Amino acid sequence: MSKIDHQIVGISVGLLIFLYLESLGYGVFSRVGAAFLAFWGATAPDWLEIAHAEKGYNGKWQRVSVIPHRTFTHWLPLWTLPAIVVLYFLPVHGQIFLHPYRADALALLLGFLTGGLSHLICDIPNPTGVPVLLPTAKYRISLRLWKSGSGFEWLEILLFWGVTAGAWLFLPG
């Protein structure tokens, strides 16, 4: 999936996390901040690799990164386990057992993590997949439905926007 496609999904996930936090009674700062961080997190697994372009020996530009592509930064437990912990401790309105600033920080962190998870979900249909057990190439989950850039990424985008539209219609807020 291209960066722009991940960003389009990130906007959808940002709106989804905005609606979710609104249903929990969070303020505007937390909701907008979490939505922005979800958008930013939707591309995070790629930019966390600290990638740049270099000319190869054949004169063509190629992607070079400090962390190999789709290894540690695309490792599913790295994104899911913190998200589960944050969801567990995320206070609901009226149930503030944390300082309000800590509750806001958890909401912001949840936005970033959901953006990162959306990136991984969108990479699973690709033959390369994402690492599950270990952050190496041997243990990956992949649906092998299409290659990046094949044009089928719009199905994922429509799916995310459909979920967001459903949440907008049915979440109390």
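Guide: Rolling a probe the size of a water molecule over the atoms shows where empty space is left. In this predicted model, the largest pocket has a volume of about 250 Å³.

Visitor: Which helices each supply at least two residues of the lining of the largest pocket?

Guide: Three are listed: α1 (3–24), α5 (100–123) and α6 (153–170). Among the lining residues are Val-13, Leu-16, Ile-17 and Tyr-20, along with Thr-114, Leu-117, Ser-118 and Ile-121. Leu-159, Phe-160 and Val-163 also line the pocket.

Visitor: Take Ser-118. Is Ser-118 buried or exposed?

Guide: Ser-118 counts as buried because its relative accessible area is 3%, and the cut-off for buried is under 20%. Ser-118 belongs to helix α5.

Visitor: Which residues does Ser-118 touch, not counting residues up to four places away in sequence?

Guide: With those sequence neighbours left out, Ser-118 touches Val-9, Val-13, Ala-42 and Phe-160.

Visitor: What does UniProt list under "transmembrane region"?

Guide: The unreviewed UniProt entry gives residues 7–29, 72–91, 103–121 and 154–171. In the model, the span 103–121 is 100% helix and 0% strand, with its end C-alpha atoms 26 Å apart. For 154–171 the span is 94% helix and 0% strand, and the end C-alpha atoms lie 25 Å apart.

Notes:
Residues are numbered from 1 along each chain as its sequence is written. This is a predicted model: local features need pLDDT of at least 70, side-chain atom pairs count only at pLDDT 80 or more; totals for chains, interfaces and linings use all residues. Side-chain values use heavy atoms; hydrogens and water are left out. On a 1 Å grid over the protein atoms alone, a cavity is a set of points where a 1.4 Å probe fits but cannot get out, and a pocket is an open set with protein on both sides within 12 Å along at least five of seven lines; lining residues have an atom within 4 Å of a point. Grid points are joined across faces, edges and corners, and a volume is the space filled by probe spheres set on the points. Helices (H or I, at least four residues) and strands (E, at least two) are DSSP runs, numbered from the N terminus. Buried means under 20% relative accessible area, exposed over 50%, partly exposed in between (1.4 Å probe, protein chains only). Contact means heavy atoms within 4.5 Å. UniProt positions are given in the numbering used here, feature names are shortened, and annotations may be inferred rather than shown by experiment.
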